[in-house]
Amino acid sequence: MKKLLLVLAIGTFAACNSGSQEAAAPADTAATQTVTTPDTTAAAVDTAVNEDLNKLLLAAKSHRAYVYRYHNGIPSANNVPFMFHTNTHEVIAPGTNRAIMMNQRIPTSVIWTMNQDFSKGKCVSLSRLDRDSGGTNRWHFDSRNAVAIVRCPFFTDKGDLIGFVGVDFTEDPKEGELARVAPLVQNAANSISHAFNARSVTK
């Protein structure tokens, strides 16, 4: 009888112990899931943005890919703040000059017609900029040596326009090339928007 009770006791302990191990498994799984939380530090966001731009540069076969962000500037005489846009990220093809240092704190009025399209969620494509000697778009060639550009806006989760992604061509692209590139720029803008919005939520 004592032997029988001993066997039953050992069997009951084993069953209870086995049940405890199975109950602990979900906690281990939850811990593993926590590790996979996206890194939204400033350095991580910069890395993600530059990766998107490098992919865009190659896919678009362009000479420069970049991000501009909108921001407030110094107040005017009547205390109404000016709006600026600043080139924050840039990747370039071999042999292409950097333009980022010359494109800081630029008044948004310089690209006011482009901003109208951006506010409607539209991309903008411009070509033959080097031949536009008297037009407002000539500035893109003078400041960036870009003969053609494609730019697409990105927004906050609430729908506010906060910047745009673009590519420059320093040589005339083939016919129909800008139409091919526009969806690529928009996809990059969507991805970059997600990175910036995730950062703004967590910081």
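Select Y66 and Y68 to start: both are buried, where buried means under 20% relative accessible area with a 1.4 Å probe and protein chains only. The model is predicted, so local features need pLDDT of at least 70 and side-chain atom pairs count only at pLDDT 80 or more, while totals for chains, interfaces and linings use all residues. Residues are numbered from 1 along each chain as its sequence is written, and side-chain values use heavy atoms, leaving out hydrogens and water.

Stay on the two rings. The whole structure holds five aromatic pairs (rings of Phe, Tyr and Trp, the latter by its six-membered ring, with centres within 6.5 Å; planes under 30 degrees apart are stacked, over 60 edge-to-face, the rest tilted). The Y66 and Y68 rings have centres 5.7 Å apart and planes at 85 degrees, so this pair is edge-to-face.

Next, show R144. Its charged end sits over the ring of Y66, 4.1 Å from the centre (NZ of Lys or CZ of Arg within 6 Å of the ring centre and within 35 degrees of the ring normal). Then select R69, which lies over the face of F196 at 4.2 Å from the ring centre.

Finish at N197, in helix α5, residues 177-202 (helices are DSSP runs of H or I, at least four residues, numbered from the N terminus). N197 counts as buried because its relative accessibility is 7%. A polar atom of the N197 side chain lies 3.2 Å from the backbone oxygen of F155. Leaving aside residues up to four places away in sequence, N197 touches F155, T156 and D157 (heavy atoms within 4.5 Å).

Definitions and conventions. Helices (H or I, at least four residues) and strands (E, at least two) are DSSP runs, numbered from the N terminus. Buried means under 20% relative accessible area, exposed over 50%, partly exposed in between (1.4 Å probe, protein chains only). A polar contact is a pair of N or O atoms within 3.5 Å; within protein, one must be able to donate a hydrogen and the other to accept it, and residues adjacent in sequence count only if both atoms are side-chain atoms.
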